[in-house]
Amino acid sequence: MVIKSVTDKEFKEYGRVVEGYSVADILKTLENDTPCPEGVVYVAEEPKLMATADTKDLGTSLFGGMPFQFGYCNGHNTKMNCMEYHRDSEFNLGTEDFILLLAKLSDIEDGKLDSSKVVAFKCPKGVLVEVYASTLHYAPCHADASKGFKVLIALPKGTNVGTTETAGKNLDDRTLFATNKWLLAHKDASEIADGAYEGITGENIDIAGLI
């Protein structure tokens with residue numbers, strides 16, 4: 001695996017760099033008011049991020065006036081473990097460089113994703129990126145273990161905040177893991193014990209040796 005940059009042309013198949021918006025107060029809040037544990041912590045909606053001077057204008061623009069939530073995913077991580085997608089784009093912004101492990105929804109065949117399809121992109125600190133709805137992703141990875149990562153997770157309001165019962169009729173129903181969250185897990189992932197669908201074959205990618 002080669003870690004490319006979100007500024008490389010290859011990233012255009014998975015997302016885009018978003019420019020032109022003020023994000024200084026969001027970065028300041030992420031840095032000063034959110035933790036960076038040794039593991040990974042995810043908060044779907046953080047009141048302090050929802051209250052920054054940048055939040056209203058940015059969220060309104062990114063989601064076209066729909067209700068939105070600004071949360072975070074912080075910590076230290078080098079493994080893939082799972083891949084998820086939503087019915088909409090997700091936006092990420094980090095206080096430090098971070099790495100995204102990505103694949104395409106179209107890479108899923110017969111209900112399984114071969115981990116050899118997964119690619120890696122580094123996002124520089126302070127750069128806002130959109131991860132398309134058709135892109136599989138999960139928790140960021142750190143680019144520097146001494147710094148970890150603190151990453152804004154911007155999504156439509158209500159995403160990842162509860163569970164939804166389905167009739168279990170097809171793959172979509174079997175992979176729905178939380179509200180607006182379809183999840184495929186590797187057999188080694190802890191999410192399997194929580195009932196996640198085992199949908200990733202091959203190696204559980206670990207980029208520790210590449211950073």
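This is a predicted model: local features need pLDDT of at least 70, side-chain atom pairs count only at pLDDT 80 or more; totals for chains, interfaces and linings use all residues.

Q: Which strand gives the most to the lining of the largest pocket?

A: That is E3, which gives three residues.

Q: How is the space in a pocket found, and how much lies in the largest pocket here?

A: The general idea is that a probe the size of a water molecule, rolled over the atoms, shows where empty space is left. In this structure, the largest pocket holds about 360 Å³ of space. It is lined by 22 residues, and those closest to its centre are Val40, Tyr42, Cys73, Tyr138 and Ala139.

Q: How many residues of each class are in the lining of the largest pocket?

A: The lining has 11 nonpolar residues, along with six charged and five polar ones.

Q: Now the helix. Which residues of H3 are buried?

A: Start with the general idea: an α-helix has 3.6 residues a turn, so residues three or four places apart point the same way. In helix H3 (residues 55-62), the buried residues are Thr55, Leu58, Gly59 and Leu62. They lie on the same side of H3 because they cover an arc of only 95 degrees around the axis. Lys56 and Asp57, on the other side of H3, are exposed.

Q: What do the buried residues of H3 pack against?

A: Their partners are helices H1 (24-33) and H2 (47-50), together with strands E2 (15-18), E4 (68-75), E6 (90-94) and E10 (128-131).

Q: Which residue with a positive phi follows H3?

A: Look for Gly64, whose phi is near 60 degrees.

Notes
Residues are numbered from 1 along each chain as its sequence is written. Side-chain values use heavy atoms; hydrogens and water are left out. Buried means under 20% relative accessible area, exposed over 50%, partly exposed in between (1.4 Å probe, protein chains only). Helices (H or I, at least four residues) and strands (E, at least two) are DSSP runs, numbered from the N terminus. The arc is that of the directions from the helix axis to the C-beta atoms. Contact means heavy atoms within 4.5 Å. On a 1 Å grid over the protein atoms alone, a cavity is a set of points where a 1.4 Å probe fits but cannot get out, and a pocket is an open set with protein on both sides within 12 Å along at least five of seven lines; lining residues have an atom within 4 Å of a point. Grid points are joined across faces, edges and corners, and a volume is the space filled by probe spheres set on the points. Ala, Val, Leu, Ile, Met, Phe, Trp, Tyr, Cys and Pro count as nonpolar, Asp, Glu, Lys and Arg as charged, and the others, Gly among them, as polar.
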